[in-house]
Amino acid sequence: MKRLLFLLLCPLLSFAQQIHSHNDYVKAEPFWGAYNARAASIEADVFLVDGKLLVAHTKEELAKAPTLDSLYLKPIARLFDQHKNKVSPDRKYMFQLVIDVKDDGVETLKKIQEAIAPYRTCFDRALNPMAIQLIISGNRPAVAAWVDYPAYLQFDGRPNEVYDSETLKHVGLISDSFHNYSRWKGEGELTDRDRETLKRIIKRAHGQSKPIRFWATPDTPTAWKQLTRLDVDFINTDRVKECAETLK
C-alpha cells in the first residue's frame, strides 16, 4: 500500500525509463543526451572553487571544468522559458538533478542556493509544481541540519540512516552502493540470497515513500532489467541511450 501511495503521490509524473545518468557531465552531450533519452535523474559532481561551482569528477580536472550554471542551470532555465514554465512540451516528463557535493557541504550549499536564486521557479515546486527537484548528495550537511534548509533542496538519504518524521520530509531519494549488498557482475541471474537482501532494502525505502537508487551497479542490459523487476526506481548507468532503448 505504501509503495502504491508513493507512485501516486510522487511529483515525478513519469520516471521515463527509470534512468539515472551517472556522472552525466562526462558524457558526449552533457545534460542534452540524458534529456533527449528522457532520463528521470541526472547527476553532476560539484566542487566549490574560488566562489564558483565547478562540475568535475576529480580536482585534477578543475582547471578546465565548466560551471554548474553553464552546464545545467542555464539550459534548464531556457527550457522552462521555451515551454511555458515546464521543462518539456510533454507534461508527463520531468527529472531530478542530483548534485553530488565534493567539497564542504555547508559552504557549497550556500553557493548552490545563491546560484539557484535567479531560477527559483525552475527548481522550487512551491512556486511551480512542474519545477525540477534538486537532490543534494555526496558531502551532505549533518542529518540533523537538513530541516534548516529550504524545502526545494532535498537530500540523498542512506538505508542505514535513521530519520525522524520532520527530517524525512527533506529526504528526496535513498541511495547506496550496490557492492554493500551483492558482488553480482550483471550476467546470468542474481543469487536468491542477493535478491532477497536487495528486496529488503528496496521495501524499506518504499515503506518510507522514498525512491531508491544503487550506485556501482553492473552496467549491463541484464542488470538493468533485473533491477527494474526488483522495483529499483532509478537505474544507475553510464550508457543512457542504450539503457533507454533496452527498458522501453
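Residues are numbered from 1 along each chain as its sequence is written, and side-chain values use heavy atoms, with hydrogens and water left out. Because the model is predicted, local features need pLDDT of at least 70 and side-chain atom pairs count only at pLDDT 80 or more, whereas totals for chains, interfaces and linings use all residues.

The largest nonpolar core comprises 64 residues. A nonpolar core is defined here as a set of buried Ala, Val, Leu, Ile, Met, Phe, Trp, Tyr and Cys residues joined through side-chain atoms within 4.5 Å; buried denotes under 20% relative accessible area, exposed over 50%, and partly exposed the range in between (1.4 Å probe, protein chains only). In soluble globular proteins, nonpolar side chains tend to be buried together. Within this core, the residues with the most contacts are Tyr 72, Leu 97 and Phe 123. Helix α3 (residues 68-82) makes the greatest contribution to this core, with eight residues; helices (H or I, at least four residues) and strands (E, at least two) are DSSP runs numbered from the N terminus. When residues up to four places away in sequence are not counted, Leu 97 touches Ile 42, Tyr 72, Leu 73, Ile 76, Phe 123, Ile 132, Gln 133, Leu 134 and Ile 135, contact being defined as heavy atoms within 4.5 Å.

The second largest pocket has a volume of about 210 Å³. Rolling a probe the size of a water molecule over the atoms shows where empty space is left. On a 1 Å grid over the protein atoms alone, a pocket is an open set of points where a 1.4 Å probe fits, with protein on both sides within 12 Å along at least five of seven lines, and lining residues have an atom within 4 Å of a point. Grid points are joined across faces, edges and corners, and a volume is the space filled by probe spheres set on the points. The lining of the second largest pocket consists of Ser 21, Asp 24, Lys 27, Ala 28, Glu 29, Gly 33, Ala 34, Asn 36, Ala 37, Val 240 and Lys 241. These residues divide into four nonpolar, three polar and four charged, where Ala, Val, Leu, Ile, Met, Phe, Trp, Tyr, Cys and Pro count as nonpolar, Asp, Glu, Lys and Arg as charged, and the others, Gly among them, as polar. Both α2 (32-36) and α9 (240-246) supply at least two lining residues, and α2 gives the most, with three.

Ala 34, one of the lining residues of this pocket, lies in helix α2 and counts as buried because its relative accessibility is 2%. Leaving aside neighbours within four places in sequence, Ala 34 is in contact with Ser 21, Asp 24, Ala 39, Ile 42, Tyr 93 and Val 240. The C-alpha atoms of Ala 34 and Pro 159, 125 residues apart along the chain, are separated by 27 Å. Arg 38 is located in the loop between α2 and β2 (41-49). Although not a glycine, Arg 38 has a positive phi of about 60°, and its relative accessibility of 27% makes it partly exposed.

In helix α8 (residues 221-229), the buried residues are Ala 223, Trp 224, Gln 226 and Leu 227. They pack against α7 (192-207), β9 (235-237) and α9. The helix is followed by Asp 231, whose phi is positive, near 75°. Ala 216 is found in the loop between β8 (212-215) and α8, and likewise has a positive phi, near 60°; with a relative accessible area of 32%, Ala 216 is partly exposed.

Phe 178 occupies the loop between β7 (171-177) and α7 and is buried, with a relative accessible area of 0%. Beyond residues up to four places away in sequence, Phe 178 touches Trp 184, Leu 190, Leu 198, Phe 214, Trp 215, Ala 216, Thr 217, Pro 218 and Leu 227. Phe 178 and Phe 214 are 36 residues apart in sequence, with a C-alpha to C-alpha distance of 5.2 Å.

Pro 89, in the loop between α3 and β4 (96-101), is exposed, with a relative accessible area of 60%. With residues up to four places away in sequence not counted, Pro 89 touches Tyr 35 and His 83.

The structure holds zero disulfides (pairs of cysteine sulfur atoms within 2.5 Å). Cys 122 is buried at 6% relative accessibility, and Cys 243 is buried at 0%.
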